[in-house]
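Here is my note on the model, as numbered points. Please keep the structure open while reading.

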Amino acid sequence: MRNNKYLYLATVAFFALGIINIHFSILGTICMVLPFALAYRDKKKTWCTGYCPRASLFTTLGKFKKKSTRKIPKFILNGDLKKIILVYFSISLFFVTMSTIRVAAGKMMPILYPRFMIIIPIPIDFPQLLTIEGMAPWLTHLAYRMYSMMMTTTTFGLVLGALYRPRTWCTVCPVSTISDMIIVDGKKPSASLKKSA
Ligand code: SF4
């Protein structure tokens with residue numbers, strides 16, 4: 001990562017702010033949308049190479065651990081885990097979207113706690129030190145779901161980073177996988193033909 005070495009503070013701030021008031025977690029959508037928008041615009045992984053706060057966290061923490069001699073397992077390197085994580089990510093996004101729509105439509109109660117991997121409840125009461133009045137239940141539900149998704153993927157990344165190289169997560173990260181698809185698609189001849197037409 002060639003840019004700001006303090007980017008990891010954004011990841012720390014994200015999790016801290018969620019404890020202060022969960023609605024700050026909606027800011028996590030920036031980390032979901034911006035990488036793809038940049039990949040589409042630049043035809044390269046601008047986010048991954050310069051701006052990702054999570055990768056910055058893994059790199060920073062990696063400086064405090066001994067260099068791992070453990071080999072990264074084949075199922076990580078050969079793309080099997082990448083596919084599994086992509087499926088998990090897609091299911092998560094689908095659940096987040098559909099459940100938020102259902103809460104907004106009054107067909108479901110909001111889930112007001114974080115969950116690990118969509119289904120495992122985390123029995124932690126977030127203190128919510130700051131009150132923000134007038135938030136719609138679907139927004140609060142969405143905020144907890146965003147927090148849950150970020151917490152799950154960051155935990156996986158931290159575990160992989162602790163076991164192997166600090167940025168092992170990047171080999172299976174769904175943001176990277178989808179960015180690759182966007183870039184490949186954008187470079188297809190039909191795309192350039194349309195441009196010149
Ligand atoms: S692969 Fe994922 S974690 Fe790694 S830099 Fe890209 S977005 Fe960040």
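1. Basis. This is a predicted model, in which local features need pLDDT of at least 70 and side-chain atom pairs count only at pLDDT 80 or more, while totals for chains, interfaces and linings use all residues. Residues are numbered from 1 along each chain as its sequence is written, and side-chain values use heavy atoms, with hydrogens and water left out.

2. Helices at the site. Helices (H or I, at least four residues) and strands (E, at least two) are DSSP runs, numbered from the N terminus.

3. Helix α2. Residues 28-42 form this 15-residue helix, which reaches 22 Å from its first C-alpha to its last. That is close to the expected 21 Å, taken as 1.5 Å times one less than the number of residues. Lys43 follows α2 and has a positive phi, near 60 degrees.

4. The buried side of α2. Which residues of α2 are buried? They are Gly28, Met32, Pro35, Phe36, Leu38 and Ala39. Buried means under 20% relative accessible area, exposed over 50%, and partly exposed in between (1.4 Å probe, protein chains only). Their cover includes α1 (8-20), α3, α6 (80-104), α7 (137-163) and α8, with contact meaning heavy atoms within 4.5 Å.

5. Lys71. This residue sits in the loop between α4 (53-62) and α5 (74-77). Lys71 is exposed, because its relative accessible area is 73%.

6. The β1–β2 loop. Met117 lies between β1 (115-116) and β2 (120-121). Its phi is positive, about 50 degrees, though Met117 is not a glycine. Ile118 is in the loop between β1 and β2, with a positive phi near 70 degrees. Are these two residues buried or exposed? Met117 has 33% relative accessibility, so it counts as partly exposed. Ile118 is buried, because its value is 18%.
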